[in-house]
Amino acid sequence: MTETRVSTAQKTARIVIVDDHPIVREGLAGRINRAEGLEVCGEAEDVADALEIVKTENPDLVVVDLSLKSGQGLDLIKKIKARGMDTKILVSSMYDESLYAERVLRAGALGYVNKQELSEKIIDAIREVLAGKIYLSKHMTERLLQRAVGSPPQLVQSPIDALSNRELEIFKMIGKGMTTRMIAGELHLSIKTVETHRENIKGKLNLPNSAELAREAVQWVMENGG
């Protein structure tokens with residue numbers, strides 16, 4: 001009887017990088033391409049280009065920053081998942097994981113890596129997400145598990161956690177000095193809608209007026225990065 005040999009060669013995983021900083025894309029691409037079984041098949045700096053590349057290349061995984069040249073990473077994640085593709089998504093960002101991890105998981109991503117830990121953890125994170133597993137820091141994983149079984153009293157959540165994704169997006173824009181009109185134009189919303197969001201943000205953060213809202217937003221952007 002002739003023995004049939006089964007190839008054990010690993011299929012190369014194809015990855016798209018979406019980040020608005022060329023030097024970050026370059027460094028990340030170099031690290032990924034040096035890893036066994038991984039290759040970068042495309043790069044983009046905004047939502048529109050990313051969607052086009054994902055459609056053309058049909059990658060196994062997309063590494064997404066939350067803050068892009070045009071558009072937001074959370075919106076990109078939702079749009080990719082809305083297409084019904086099998087492409088897995090890993091978020092890489094400077095923003096606080098405790099604020100964004102749950103948001104990106106709800107949007108459809110499977111992992112979150114802080115850019116400060118990118119060089120040492122990105123390959124492990126990519127392999128975990130490619131395997132269909134959730135990748136978060138140990139601290140964040142424990143926090144989510146605690147919340148799932150009932151948060152202990154000492155686990156205090158930031159008031160920012162109460163903001164919706166859209167409210168958080170507008171809060172960041174306020175912190176960058178953008179006016180209501182500028183925000184409306186950037187997000188393709190009416191001025192009235194942005195004003196409503198501003199009022200909701202003030203209510204959730206218990207801020208008495210617009211001056212306090214601007215001060216709080218600027219401080220948050222300074223502490224968490226733009």
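The model is predicted: local features need pLDDT of at least 70, side-chain atom pairs count only at pLDDT 80 or more, and totals for chains, interfaces and linings use all residues. Residues are numbered from 1 along each chain as its sequence is written, and side-chain values use heavy atoms, without hydrogens and water.

**Entry on H1 and H5**

I noted an angle of about 50° between H1 (residues 22–34) and H5 (residues 118–130), with axes 10 Å apart. Axes are lines fitted to C-alpha atoms over the stretch in contact, and angles run from 0 to 180 degrees between N-to-C directions. Helices (H or I, at least four residues) and strands (E, at least two) are DSSP runs, numbered from the N terminus. From H1, I listed Leu28, Arg31 and Ile32, which meet Leu118, Ser119, Ile122, Ile123 and Ile126 of H5 (contact means heavy atoms within 4.5 Å).

**Entry on Asp65**

I found Asp65 in the loop between strand S3 (61–64) and helix H3 (73–82). Asp65 has 5% relative accessibility, so it counts as buried (under 20% relative accessible area; exposed is over 50%, partly exposed in between, with a 1.4 Å probe and protein chains only). Leaving out residues up to four places away in sequence, Asp65 touches Val18, Asp19, Asp20, Gly73, Ser92, Ser93 and Lys115.

**Entry on two Asn residues**

I placed Asn58 in the loop between helix H2 (47–57) and S3; its phi is positive, near 45°. Asn206 also has a positive phi, about 60°, and is exposed at 68% relative accessible area.
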